[in-house]
Amino acid sequence: MRLVVTFALLTAAAFAASSVEPSSAQIDDIIQKFAAKEAEFAKARGNYTYRQTARIQEVDDGGSVHGRYEIVSDIVFTPEGRRIERVVHAPVSTLQVILLTPEDEQDLRDVQPFVLTTNEIPNYYVRYLGRETLDEISCYSFAVKPKKMEQGKRYFEGIVWVDDKDLQIVKSYGRGIGLLKRNSDNQFPKFETYREQIDGKYWFPTYTAANDTLNFKDMSQRIKMTVKYEDYKQFKSDVQIKYDTEEPAKTPPGTGTPATPAPPKKP
């Protein structure tokens, strides 16, 4: 009886200790450390090949799909070691209401698989929100917003969840934003991006999903989007990765980019 009570008390004490909120100084330290880890990850990811499959659907009020866009690309290296994107499958788009813009392509490439590195931290306000548990992973959550925006650049605005052991982003939720041309009717969906551990070290983006309604000036259009990042393989080993001695955290289970309305069709 005493042993059970003691164990329960110790378990409760351990849980309470693990849920203690960090101080302001500790939060600043956490932000700097996870940004440094993100910088390591960004460098390491640059040495991986992978396949990216993006699908976008126009959906009506009843849930039926009446327009589709799909592109499958391999991120590979040339014999000279140059990293390139090679399109392997791109059927003719049947989207009827929306068009993809350069901003959409930039979001797909840079914003949706968001990485917040040491170099990028000065460009963002990062505000601590609290502790949360995602798929049994204990995380710190932070609100992220750009301090200022430059023409031609895209930014992430939303929330990121950082593993409190690995100090890496494991999930992000938000949208891509940026300065647009005057009178531009360009809309962007909210999305969620999930990461999983690859090769037992870094958390790589593996899945992005959006299910949102884009409200244009003269109409609204619901869209669904999925982006899968698969078959990560390390191409070269000139990046030295130092592995921690701690046991890696558990991997969460594997789980718009439309921007502007298409011009009206001529009769």
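Reader: Hi! What does the side chain of Y232 reach at 2.6 Å?

Author: Hello! In this predicted model, the side chain of Y232 reaches the backbone oxygen of P205.

Reader: Where is the place of Y232?

Author: Y232 sits in strand β11, residues 220–234. Strands (E, at least two residues) and helices (H or I, at least four) are DSSP runs, numbered from the N terminus.

Reader: Is Y232 buried or exposed?

Author: Y232 counts as buried because its relative accessibility is 12%. Buried means under 20% relative accessible area, with a 1.4 Å probe and protein chains only.

Reader: And which residues is Y232 in contact with, leaving aside neighbours within four places in sequence?

Author: Among them are R45, Y48, F204 and P205; contact means heavy atoms within 4.5 Å. R45 lies 187 residues away along the chain, yet the C-alpha atoms of Y232 and R45 are separated by 8.9 Å.

Reader: New topic: which residues of α2 are buried?

Author: R45 is one of them, and the list also includes I27, F34 and F41. Helix α2 covers residues 24–45.

Reader: How is the pLDDT over residues 1–17?

Author: There pLDDT, the predictor's confidence in each residue from 0 to 100, stays under 50, and the model has 0 contacts beyond four places in sequence. Where pLDDT is low, the predicted coordinates should not be read in detail. The chain averages a pLDDT of 85.

Methods
Residues numbered from 1 in each chain as written. Predicted model: local features only at pLDDT ≥ 70, side-chain atom pairs only at ≥ 80, totals over all residues. Heavy atoms only, no water. Buried < 20%, exposed > 50% of the residue type's maximum accessible area, 1.4 Å probe, protein only. Polar contact = N/O pair within 3.5 Å; in protein donor to acceptor, adjacent residues only side chain to side chain. Expected span 1.5 Å × (residues − 1).
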